[in-house]
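Trainee: I have a model open and would like to talk it through with you. Could you put it up on the screen first?

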Amino acid sequence: MASQLPEYKQKFLEVCTAGGILKFGNFELKSKRISPYFFNAGLFHTARLAGAISDAFAHAIMNAQKEDGLEFDIVFGPAYKGIPLASSITVKLGEIEPANLDTISYSFDRKEAKDHGEGGNIVGASLKGKKILIVDDVITAGTAKREAIEKIEQEGGKVVAIVVALDRQEKLPAADGDDSKPGPSAAGELRKEFGIPIFSIITLDDVIKGMPSVASEEDLKRTEEYRAKYRAAD
Ligand SMILES: O=P(O)(O)OC[C@H]1O[C@H](OP(=O)(O)OP(=O)(O)O)[C@H](O)[C@@H]1O
Ligand SMILES: O=C(O)c1cc(=O)[nH]c(=O)[nH]1
């Protein structure tokens with residue numbers, strides 16, 4: 001069946017499934033939801049895959065510069081999976097567009113502050129007074145992104161946008177635990193609260209559109225059921 005996705009998204013999906021990065025089964029998420037699919041960015045570790053993901057991010061970022069006027073000084077990757085992303089994306093941006101982008105820097109946090117040597121919990125460029133672009137693998141409930149924004153603001157940086165590989169488009173977990181009611185997405189709430197855009201290479205809708213050529217009918221059905229249960233209203 002011909003894919004309903006633009007070619008670059010279909011290619012990205014194929015790279016992710018072939019590399020075992022996008023998997024189907026039963027996975028517990030940070031939010032405790034049990035998901036029939038999982039995106040493990042830790043598996044982008046070969047030269048070829050690391051090159052493919054940093055290239056996809058770099059193009060999404062340059063697109064946001066052209067179409068949405070995105071401007072930033074530092075690419076920030078939250079620990080842990082954001083760290084190799086931030087460094088490889090920074091290198092890739094400098095290679096693709098040296099005239100504009102070889103002066104940008106990267107930076108990342110430690111999950112626990114270091115109490116000797118240089119100390120602190122930020123590694124890489126100083127965030128003070130800088131425009132920060134957060135890059136990360138996935139957005140689900142936005143918890144990790146909120147923690148990153150808080151750390152960056154404490155260091156005097158200003159977050160201007162977030163780019164993720166996959167937006168799972170899920171509604172936020174309900175405060176009363178009743179997930180049957182409609183609810184807003186993590187990305188939508190971060191946009192509203194912090195006034196920043198959230199860009200993604202692919203979304204859950206894209207995954208489902210591309211699944212017929214990369215997954216079984218049973219996995220597609222379970223993923224559609226998960227979307228029907230948890231998809232955000234916005
Ligand atoms: O809460 P959200 O912002 O929606 O994102 C879900 C995040 O949870 C995971 O990171 P985790 O904190 O488990 O750390 P890791 O990068 O060390 O795997 C995952 O890598 C996403 O970044
Ligand atoms: O929400 C999460 O915890 C999560 C989802 C996903 O697809 N991949 C991941 O690394 N974490």
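Trainee: Which element gives the most to the shell around ligand 1?

Mentor: That is β6, which contributes four residues to the shell. Keep in mind that this is a predicted model, in which local features need pLDDT of at least 70, side-chain atom pairs count only at pLDDT 80 or more, and totals for chains, interfaces and linings use all residues. Residues are numbered from 1 along each chain as its sequence is written, while chains are lettered from A and ligands numbered from 1 in the order in which they are written.

Trainee: How many residues surround ligand 1, and which are the closest?

Mentor: The shell has 15 residues, and the closest are Y80, K81, T140, T143 and A144; a residue is taken as near if its C-beta atom, placed from the backbone, lies within 6 Å of the molecule. Two or more residues come from each of β6 (131-139) and α5 (143-154), where helices are DSSP runs of H or I with at least four residues and strands are runs of E with at least two, numbered from the N terminus.

Trainee: Where does β6 sit in its sheet?

Mentor: The sheet is open and has six strands in the order β5-β4-β3-β6-β7-β8, with mixed pairing; two strands pair if DSSP finds at least two bridges between them.

Trainee: And which strands stand at the edges?

Mentor: Those are β5 (120-124) and β8 (198-203), and each has a single partner strand, so one side of each is left without a neighbour in the sheet. β8 pairs with β7 in the parallel sense over five bridges, and V164 has S200 in β8 as its bridge partner.

Trainee: Changing topic, what does V135 touch?

Mentor: Not counting residues up to four places away in sequence, V135 touches F57, V75, G77, G82, L85, A86, I89 and V163, contact being C-beta atoms, placed from the backbone, within 7 Å.

Definitions and conventions: Two residues are in contact if their C-beta atoms, placed from the backbone, lie within 7 Å.
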